[in-house]
Amino acid sequence: VPMPIAEAGSITLVAPSAVLLDGKTQEILYSRFPHTRRAPASTTKLLTVMVALDHLPLDRVVSVPGGMQYIQPSKIGLRTGERFYVRDLVRAALIRSANDAAESLAILAGGSRAGFAQLMNRKAKAIGAKNSNFVNPSGLPASAHYSTAYDLARIMMAASRYPFIVSTLKVRSTVIHS
């Protein structure tokens, strides 16, 4: 239900940017600097997972690529050659915000970090996130890695069309096994 205009003016936010979109019409109901570039941090992982799921079946068993032990800071301790279902790497990326899981998915789906960044940017543009640029799958700070509140809302709306993402975001914890 849209908030009456009189009440919308009484919202107190500490966030430097915000946007509230109508889920059906995509009309902006409330905004504060919605198109200002900001670091998207771990919200990047929503786009990472969407792109990974566009290229990898949930039930595929994959081997962890080399170098994941060097990924910082948030990780679950993946080891080179360890085998997981894609769905479990997705769960680790979304529930635990595991950068090693996000990086693994990126390399497995895109062949390399740079190749995956191209897929991320193509997907972002396709869903209407046109003022963003992604250079890594985890959201770690980088000068050319940015998004806007509006674009992140578009990404979230697109993520809501992936049933596995929706169900995973409702979970607070899980156990995965290699």
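Residues are numbered from 1 along each chain as its sequence is written. In this predicted model local features need pLDDT of at least 70, side-chain atom pairs count only at pLDDT 80 or more, and totals for chains, interfaces and linings use all residues, while side-chain values use heavy atoms, with hydrogens and water left out.

**Exercise 1. Backbone exceptions**

Solution. 
- Start from the background: most residues other than glycine have a negative phi, and most peptide bonds are trans.
- P73 is in the loop between β3 (61-63) and β4 (83-85). Strands here are DSSP runs of E, at least two residues; helices are runs of H or I, at least four; both are numbered from the N terminus.
- Q26 is partly exposed, at 31% relative accessible area. The classes are buried under 20%, exposed over 50% and partly exposed in between (1.4 Å probe, protein chains only).
- The loop between α3 (86-95) and α4 (99-110) holds S97.

**Exercise 2. A helix pair**

Describe how α2 packs on α4.

Solution. 
- Two numbers are needed: packed helices are described by the angle between their axes and the distance between the axes.
- For α2 (residues 44-55) and α4 the angle is about 35°, and the axes are 9 Å apart. Axes are lines fitted to C-alpha atoms, for helices over the stretch in contact; angles run from 0 to 180 degrees between N-to-C directions.
- The crossing is left-handed. That term applies if the near helix is turned anticlockwise from the far one by less than a right angle; clockwise gives right-handed.
- α2 contributes K45, T48, A52 and H55 to the contact; α4 contributes N99, A102, L105 and A109. Contact means heavy atoms within 4.5 Å.
- These residues divide into four nonpolar, three polar and one charged. Ala, Val, Leu, Ile, Met, Phe, Trp, Tyr, Cys and Pro count as nonpolar, Asp, Glu, Lys and Arg as charged, and the others, Gly among them, as polar.

**Exercise 3. An enclosed helix**

Explain why α3 counts as largely enclosed, and name its packing partners.

Solution. 
- Seven of the 10 residues of α3 are buried, so the rest of the structure largely encloses this helix.
- The buried residues are V86, D88, L89, V90, A92, A93 and L94.
- They pack against α2, β3, β4, α4 and α7 (163-169).
- R87 makes another kind of interaction: its charged end sits over the ring of Y85, 4.0 Å from the centre. The rule asks for NZ of Lys or CZ of Arg within 6 Å of the ring centre and within 35 degrees of the ring normal.

**Exercise 4. Two residues compared**

Solution. 
- L152 is in α6 (residues 149-159).
- L152 and N131 are 21 residues apart in sequence and 9.9 Å apart in space, C-alpha to C-alpha.
- K123 is in α5 (residues 113-126).
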